[in-house]
Amino acid sequence: MRSRIFAIANQKGGVGKTTTAINLAASLALGDQAVLAVDMDPQGNLTSGIGQKGNYAPAGTIYEALTEESPPAVDQYIISTGVSGLSLLPSDRELAGAEIELVNASRREQRLRLLLDQVRDRYDYILVDTPPALGLLTLNTLVAADGVIIPVVCEYFALEGLAALTATLKQVRDAFNRSLEISGVVLTMTDMRTNLGKEVAAEVQSVFGNKVFETTIPRNIRLGEAPSRGMPVVLHAPRSKGTEAYVSLAREFLACTRSTRIPAGGTLRG
Ligand SMILES: Nc1ncnc2c1ncn2[C@@H]1O[C@H](COP(=O)(O)OP(=O)(O)O)[C@@H](O)[C@H]1O
Ligand SMILES: [Mg+2]
């Protein structure tokens, strides 16, 4: 097997990146996929939302894995989670220092790619959560990734800032990673009962065309409270709308990543 690596990215905060990373990863794992979730955000919300705050592997967190000049093998940093089939490369606040410490380091943009290359034969999917910024941590993630999943919150100004993200994707493609693709745009916190919800969805469609996942993620209280229980929503509230949505997203994601390889060098439609 050769893992497919996906970045969950959008430099806006609060758009559902971490929620999507946790719940897509858990839904894929419960669908019998071998999944590694990687927390590239110093806020560590993925780590805590999966119930692993403060649980480190012997070699430490992703901070040490990225910054040490000759780190031990990457599996020394990987821990298991309460979800069968889902492993985690955790982070904590220290990771914020990596942005500065790596500035003059060799191959500073490729550190994550080199780490994940070691375990590509071990997982079907590697999902990497990113911080709300386009700095070195997100750059490392995009250099490592085959595809990007962009969560877009379904409200006015939804598309604001996405030009900066797509410009960054283009730069990464040109400089480091020619095959980097937008795998999909997922509309989050939707309320399709309102006209605004429908209008924003239509606007996002007009820009991203068939890249927009058919599944949309509704605003759902269970999704909001699951991280405080340290569980993905599928375990916290198996019968909720949030679970239904992320299981459906996982199915759609599996279908589009399994059957067709994402074409290289594609451009944004619209
Ligand atoms: N579909 C949803 N319904 C309700 N609350 C949500 C939903 N998606 C995310 N949230 C909540 O919104 C906040 C921001 O989401 P998060 O996934 O952390 O965004 P990001 O990682 O992009 O900053 C969190 O408190 C999260 O629990
Ligand atoms: Mg987050």
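Q: Which helices each supply at least two residues of the shell around ligand 1?
A: In this predicted model, they are α1 (17-30) and α9 (221-225). The largest share, three residues, comes from α1. Among the 17 residues of the shell, those that come nearest are Lys-17, Thr-18, Thr-19, Leu-223 and Gly-224.

Q: What makes up the shell around ligand 1 by class?
A: There are nine polar, six nonpolar and two charged residues.

Q: Why is strand β6 called mostly covered?
A: A residue is buried if 20 or more other C-beta atoms lie within 10 Å of its own. Five of the seven residues in β6 (residues 147-153) are buried, so the strand is mostly covered.

Q: Why are β6 and β7 said to pair?
A: Pairing needs at least two bridges. Seven bridges join β6 to β7 (residues 181-188), so the two strands pair; they run parallel. Val-153 has Thr-188 in β7 as its bridge partner. From β6 the chain crosses through helix α7 (residues 162-175) to β7, in a right-handed β-α-β crossover.

Q: What makes β1 and β6 a pair?
A: Three bridges join β1 (residues 4-8) to β6, and at least two are required, so these parallel strands also pair. Phe-6 stands opposite Gly-147 in β6.

Q: Which residues does Leu-127 touch, not counting those up to four places away in sequence?
A: Leu-127 touches Phe-6, Ile-8, Ala-21, Leu-24, Ala-25, Val-35 and Ala-37. Leu-127 is also among the residues with the most contacts inside the largest nonpolar core, which has 78 residues. To this core α1 gives the most, seven residues.

Methods. Residues numbered from 1 in each chain as written. Chains lettered and ligands numbered in written order. Predicted model: local features only at pLDDT ≥ 70, side-chain atom pairs only at ≥ 80, totals over all residues. Near = placed C-beta within 6 Å. Helix = DSSP H or I, 4+ residues; strand = E, 2+ residues; numbered from the N terminus. Nonpolar A, V, L, I, M, F, W, Y, C, P; charged D, E, K, R; others polar. Core = buried A, V, L, I, M, F, W, Y, C linked by C-beta atoms within 7 Å. Buried ≥ 20, exposed ≤ 12 C-beta atoms within 10 Å, placed from the backbone. Contact = placed C-beta atoms within 7 Å. Right-handed = clockwise from strand over helix to strand, strands pointing away.
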